[in-house]
Amino acid sequence: MKIAVIDDERPARRELIRQIQETMPDCEIKEADSGAGALELFNTEDDFDILFVDINLNDMEGTTLAATAKKLLPQAKIVFATAYSQYAAKAFEMEIDDYILKPFDPDRVRHVLEKCVRGLAQQ
C-alpha cells in the first residue's frame, strides 16, 4: 500500500502520517508540502493507492490538485484532509472517496483507511 499525504502544514502532515502508520505499519508513505510537490510525486511515482489532500495548499487549491490526481492516478482513492467542513459538498460533487477534519480523530482515520482498502480490493 502506497499513500501520499499532501499538506502545506508540517505538524498536520506529521500527525496524519503517525496515525496512518499506527493503522497500517507496513505501508509506504510519501509526503508533499505543496501542490507542485504533489504533482512532482505523481509524475515520478504513479502507483499511489490513497491520497490525503489538504484543501488549502500554499500554491493551489486542493480541489484543483484532486481533479488533476483523478486524471493522473485514476485508481487512487482520494481523501480530503482539512480543517474546513464547508468543502464537504464540493468533495461529494467531485466524487472524492472520503473527507476527514483536522484535528484528526484516530478512529476516523482508521475507518477511512479501512474503507479505502476495501474499495481498492473491489477494483
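This report describes the sheet, the helices packed on it and several single residues of a predicted model.

## The sheet

Five strands make up an open sheet, arranged in the order E2-E1-E3-E4-E5 and paired in parallel. Strand E2 (28–32) and strand E5 (98–101) stand at the edges with a single partner strand each, so one side of each has no neighbour in the sheet. From one strand to the next, the twist averages 20 degrees.

Strands of a sheet pair through backbone hydrogen bonds, either parallel or antiparallel.

| Strand pair | Sense | Bridges |
|---|---|---|
| E1 and E2 | parallel | 5 bridges |
| E1 (residues 2–6) and E3 | parallel | 4 bridges |
| E3 and E4 (residues 77–82) | parallel | 4 bridges |

Ile-6 is partnered in E2 by Ala-32. Ile-3 has Ile-50 as its bridge partner in E3, and Ile-50 in turn is partnered by Lys-77 in E4. Between E3 and E4 the chain passes through helix H3 (residues 62–72), and this β-α-β crossover is right-handed.

In a regular strand the side chains alternate between the two faces of the sheet. Strand E3 (residues 50–53) is covered on both faces: Ile-50 and Phe-52 are buried on one side, and Leu-51 and Val-53 are buried on the other.

## Helices against the sheet

Which strands does helix H2 (residues 35–44) lie across? Helix H2 lies across E1, E2 and E3, and runs at about 140 degrees to E2. Helix H3 also packs on the sheet, where it touches E1, E3 and E4, and its direction makes about 170 degrees with that of E4.

The buried residues of H3 are Gly-62, Thr-63, Leu-65, Ala-66 and Ala-69. These residues lie on the same side of H3, because they cover an arc of only 155 degrees around the axis. Their packing partners are E1, H2, E3, E4 and H4.

Helix H5 (residues 106–122) comprises 17 residues and spans 25 Å from its first C-alpha to its last, close to the 24 Å expected at 1.5 Å a residue. Its buried residues are Val-109, Val-112, Leu-113, Cys-116, Gly-119 and Leu-120. On the face of H5 turned away from the buried side are the exposed residues Ala-121 and Gln-122.

## Residues in the loops

Asp-54 belongs to the loop between E3 and H3. Is this residue buried or exposed? Asp-54 counts as buried, because its relative accessibility is 3% and the cut-off for burial is under 20%. Leaving aside neighbours within four places in sequence, Asp-54 is in contact with Ile-6, Asp-7, Asp-8, Gly-62, Ala-81, Thr-82 and Lys-102.

Met-24 is placed in the loop between H1 and E2. Met-24 is likewise buried, with a relative accessible area of 15%. Not counting residues up to four places away in sequence, Met-24 touches Met-1, Ile-3, Leu-113 and Val-117. Of these, Leu-113 is among the buried residues of H5, and Ile-3 is the residue whose bridge partner in E3 is Ile-50. Met-24 and Tyr-87 are 63 residues apart in sequence, and their C-alpha atoms are 27 Å apart in space.

## Backbone features

Most residues other than glycine have a negative phi, and most peptide bonds are trans. Two sites in the model are described here with that background.

Glu-95 has a positive phi, near 60 degrees, in a residue other than glycine. Glu-95 is located in the loop between helix H4 (88–93) and E5. Its relative accessible area of 60% makes Glu-95 exposed, as the cut-off for that class is over 50%.

The peptide bond joining Lys-102 and Pro-103 is cis, with omega about -5 degrees. Pro-103 lies in the loop between E5 and H5, while Lys-102 is one of the residues in contact with Asp-54.

Notes: Residues are numbered from 1 along each chain as its sequence is written. This is a predicted model: local features need pLDDT of at least 70, side-chain atom pairs count only at pLDDT 80 or more; totals for chains, interfaces and linings use all residues. Side-chain values use heavy atoms; hydrogens and water are left out. Buried means under 20% relative accessible area, exposed over 50%, partly exposed in between (1.4 Å probe, protein chains only). Helices (H or I, at least four residues) and strands (E, at least two) are DSSP runs, numbered from the N terminus. Two strands pair if DSSP finds at least two bridges between them. A crossover is right-handed if, with the strands pointing away from the viewer, the path from the first strand over the helix to the second runs clockwise. Axes are lines fitted to C-alpha atoms, for helices over the stretch in contact, and angles run from 0 to 180 degrees between N-to-C directions. Contact means heavy atoms within 4.5 Å. The expected span of a helix is 1.5 Å times one less than its number of residues. The arc is that of the directions from the helix axis to the C-beta atoms.
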